[in-house]
Amino acid sequence: MAKIVVEVMLKPEILDPQGQAVGSALPRLGFTFATSVRQGKRFEIEMVGDPSESQMADIQKAAETLLSNPVIETYVVKVEK
Amino acid sequence: MNLDTVSQAQIDPDHVQPFRELGLKDDEYFRIKEILGRRPTSSELAMYSVMWSEHCSYKSSKVHLRQFGEKAPHSEALLVGIGENAGVVDIGQGYAVTFKIESHNHPSFVEPYQGAATGVGGIVRDILTMGARPIAVMDPLRFGLAQAPDTKRVLPGIVAGIGGYGNCLGLPNIGGEIVFDETYAGNPLVNALCVGVMRHEDIKLAKAHGTGNLVVLFGAKTGGDGIGGVSVLASETFNDAKPTKRPSVQVGDPFAEKVLIECCLEIFHEDLVVGIQDLGGAGLSCATSELASAGSGGMNIQLEKVPLRDPSLSPEEILMSESQERMCAIVEPSNINRFLAICKKWDVTATVIGEVTDGERLNITFNGELIVHVPPRTVAHEGPVYNRPFAEPDYIAKLAASTVDVPLPITAAEIKDAVLKLMASPNLADKTWVTSQYDRYVQGNTILAQPEDSGVVRIDEQTHLGVAISTDANARWSYLNPYEGAKLALAESCRNIATSGAKPLAVTNCLNFGSPEDPGVMWQFAETVRGLADACLELGLPVTGGNVSFYNQTGTVAILPTPVIGVLGVIQDVRERTPMGIAKAGLDLYLIGQAGENFSGSEWAYLHGVMGNQAPELNLDVEQRLINLLLEGQSIFESAHDVSNGGVAATLSEMVLRHKIGAKVSLENPAPTLFAETPGQVVVAIEPTSTNDLVALAGKFQIPILRIGTSGGENLIINDADISLVELNQAFTETFPKLFG
């Protein structure tokens, strides 16, 4: 049983209003450590057995076409065993 | 950092610059050299290239658009005309209304959600800039065929973007259009209209007056949004690698915009600005050069003071950035502390970045080095002007000679099938799937919204003064005859306003066309402007502003010429407005206006894949009399609905489906009357006791009227064709959910 993790982030140069809102809320609540916050999303996809090479290609394709918007986002695919 | 300064440009005149990559033609580049007496710095090159682009300079359209000024009718109502961010009209009781429509077509194709969202944000800031509180938005949209895969990508994203941004701002979306045609595949049209209201004394202009006054940039920080093209310069100027390629997509933050609106209105209320300009296309380049150009002197800007979201931006990129939710104000030094205090209260970043001078140049320095030293007018208002060649394309004569030969339904069963088929077609089907994603009633002043003929909002809660807005275009008629098409669109928009009970007052437009370098497209454009200017003159309506969007084409296939015409009307008491739906049984239904047999450019012909013949010829005198009849007879109309796309069949169907109250109609000549699309017709419902009044009105204005039936029952019965409202409603409402989920 493998777990595929796809992490999607807005490209660094794209404005992230959500991250910005969190970033400005932190000091208001007394957390003064942060200089900037960016928010993304994480998908956990479970599958039976380890992914084959062609399945990995499919996962990449799904990440690029469905899970992320390649115009404004980047993604990373990881396999966790 | 290798900064290209003015002194560098003087020392190194032969430095090769990527002006072609930035979209400048050779002769345009030489003209810049002539103006400056040297080669431009890379920052100057960036500014000129973007300000002299078609989008900012109107270089292909200017020579034609002059007609809106030359043929302008005298209008007492016009307070601010073409040239400012938006026109302003007087609606009485001390109120002024500003409205404008703009395109955001290409960005919405690249990234539908953000493209459409920032389109709303941009037009709202234009309205705000005039000193007005934005009160409503509207979005005319056009897409490729409804079944096409790319439409399934683009449409839901665009609709969600408009809803997402507009709803967050708390602005009602009160109307618009959705039209499908294959020429819009790859070129969806996203036009955004906003209307705002203010008191006469609150009008603000984009001018930088008064030596020593301060230039303040406020709102969001500047990031690398929308500067894709200019990265050519950055990559040339810097040898070190950039983090990633700069995006051409701008991302909007509606909550930041909402705060900016409230902040600006408080600043306006205390009269703290001399001039103000929003940052839209071309960002700081546009705002500083336009403010300085419209003002009396020059301007000095210290570019390093601009607060950055991304510290790696080069000066060229800072000048070009299209980061959203930013404004630029000119403030007297004595008011600056109060100005900054209000910004602080709203948590809006505000920074003094320069001052107005008595010189003649716009000077921009970066850490003390002079990088821009230009006469602002040459950037903002004296760009290149092209008299592009235009010629009537061959298809015009060919189509004009063709006939529209479509099968017409004859038997009762055929008529029923035809009505159901028509009402289920994507162009006519119920648009609730879209409009239910928009907030139509927020603020509590919406009187009428989609699917009514026009959107109506209340301006004053005591006197019930209100405004009505409608946008219309019939691109198929414009394709067949662009001159008549523009007049027809204006007439339809005015008719929609009058049908709702408001008096047409002023016109805005968004002219969407293919490439101006194609003489055929240029001819379509020239004819459209001529037609619109002539019609506005004849109807006595001033054009208050507008927008031109060229290059909407894929390869050699241009979109249908699509002049979207927005008309603003005023209604003295919104409680008297006329809704479109039949609200009770026992009313008499009348067709007002002359029924005709025009099928060219009609929805019925389109459904049969037939496009040909001539656009119907419009008689503006008749239209004006019809409008006068509608306004004078307003009190007797229980409901009224304009006859346009889909003919009388669509008009009747929409009237009965609104409140699910049927009608029994008999027509002598059902097929042409129902399905033909002839301008100048309205269907009204009146109490039988008002018959004499209607007859008298028809006589007074010399408009034919025809009693066609009565309201009531649970069916729409046309002669022997009996269509249950359940069945009709199903056909009407099923289409969009089926297509888009």
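## Ground rules

This is a predicted model, where local features need pLDDT of at least 70, side-chain atom pairs count only at pLDDT 80 or more, and totals for chains, interfaces and linings use all residues. Residues are numbered from 1 along each chain as its sequence is written, chains are lettered from A in the order in which they are written, and side-chain values use heavy atoms, with hydrogens and water left out.

## Cavities

Searching the whole structure turns up five cavities of 30 Å³ or more. A cavity here is a set of points on a 1 Å grid over the protein atoms alone where a 1.4 Å probe fits but cannot get out, and lining residues have an atom within 4 Å of a point. Volume is the space filled by probe spheres set on the points, which are joined across faces, edges and corners.

The largest cavity comes in at about 50 Å³. Its lining includes B:Arg133, B:Leu169, B:Lys258 and B:Gln443. Strand E4 (133-143) and helix H10 (254-269) of chain B are the elements that give two or more residues to that lining; H10(B) has the largest share, with three. Helices (H or I, at least four residues) and strands (E, at least two) are DSSP runs, numbered from the N terminus.

## Nonpolar cores

A nonpolar core is a set of buried (under 20% relative accessible area, 1.4 Å probe, protein chains only) Ala, Val, Leu, Ile, Met, Phe, Trp, Tyr and Cys residues joined through side-chain atoms within 4.5 Å. The largest one has 60 residues, and B:Phe525 and B:Val684 are among those with the most contacts inside it. Helix H20 (residues 519-539) of chain B supplies the largest share of this core, ten residues. Apart from it lies another core, of 59 residues, including B:Ala96 and B:Leu169.

Terms used: 1 Å grid on protein atoms, 1.4 Å probe; cavity = no way out; pocket = protein on both sides within 12 Å on 5 of 7 lines; lining within 4 Å. Buried < 20%, exposed > 50% of the residue type's maximum accessible area, 1.4 Å probe, protein only.
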